Amino acid sequence: MALYLVESILNGAVKDKEGFEKKVSEIKEEVRKNNANLIEVQVSKDFSRAFFIFESEERNIINDRLRLLGIPVTLIKPVRLVGKDIEEVKKEADTVNYVVEWNLPENLTMEDYLERKKKNSVHYAEVPEVTFSRTYVCEDMTKCLCFYNAPDESAVKRAREAVKAPIDTVTEILPNK
C-alpha cells in the first residue's frame, strides 16, 4: 500500500478539538470500510488546516471518502516517510507541535534530497531544544512536510537554518498528547 498526504483547508468544517476528534473518528471508520487506513493527522492550532497521512491502494478512495464527510481536499499526493519507521508513526510515539512546508526546487531528485538530509541532519544537535521527528516527501518531489517538537517558531527556524533547509511555511499544530 502507498502513503498519501492530504492537505485540507477546513473552512469551518471543525471549530474545536472535540469536533475535530469526532470528525477524525468518522474518517477512520469510513476509510477502513474501503481498505484504507488513516496513519496520522495533524491540525493547526486554529483548526484552519489539516494534514492527513493515509495508507491506501488508491488515492480516489481517500478523496471520495473525505469529500463525502465534508472535508475539502486541497492536495493529495503519494509520499515517502523519511526519518521514522511507519510502525513508529502508527504508535504515535511522539508529540509534534510544528510542521514546516518546503516547496522543493525543480532540479532536486529523491536521491539528492536523501543524501542532503543525511549529511545535514547532524546539525540538529546545534539546536538541542528542537526535536526533529519525521518528514513526508512527495514522490513527485514538489514539496515536503517536516514535523518538529519545539518551544516556539523561532526555535524551529533556527533548527532549519542549522541543517541548511529552507522554509516556505511554518504551522503551529495542536499536539496529540
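How much space lies in the largest pocket, and what lines that pocket?

Reply: This is a predicted model: local features need pLDDT of at least 70, side-chain atom pairs count only at pLDDT 80 or more, and totals for chains, interfaces and linings use all residues. Residues are numbered from 1 along each chain as its sequence is written, and side-chain values use heavy atoms, with hydrogens and water left out.

The largest pocket holds about 290 Å³ of space. On a 1 Å grid over the protein atoms alone, a pocket is an open set of points with protein on both sides within 12 Å along at least five of seven lines. A cavity is a set of points where a 1.4 Å probe fits but cannot get out. Lining residues have an atom within 4 Å of a point. Grid points are joined across faces, edges and corners, and a volume is the space filled by probe spheres set on the points.

Of the 15 lining residues, E21, V24, V41, E92 and N176 lie nearest the centre of the largest pocket. Helix α1 (17–32) and strand β2 (37–43) each supply at least two lining residues. Both names come from DSSP runs, numbered from the N terminus (helices: H or I, at least four residues; strands: E, at least two). The lining has eight nonpolar, one polar and six charged residues. Here Ala, Val, Leu, Ile, Met, Phe, Trp, Tyr, Cys and Pro count as nonpolar, Asp, Glu, Lys and Arg as charged, and the others, Gly among them, as polar.

Now the second largest cavity. Its volume is about 50 Å³. E40, Q42, V89, E92, D94, R134 and N176 line this cavity. By class, they are one nonpolar, two polar and four charged.

Two of these lining residues, E40 and R134, meet in a salt bridge, 2.7 Å from N to O. A salt bridge is a side-chain nitrogen of Lys or Arg within 4 Å of a carboxyl oxygen of Asp or Glu. The pair links distant parts of the chain: R134 sits in strand β6 (residues 131–138) and E40 in strand β2, 94 residues apart. R134 is buried, at 3% relative accessible area. E40 is buried too, at 6%. Buried means under 20% relative accessible area, exposed over 50%, partly exposed in between (1.4 Å probe, protein chains only).

R65 lies in helix α2 (residues 59–68) and E30 in helix α1, so the pair ties together parts 35 residues apart in sequence.
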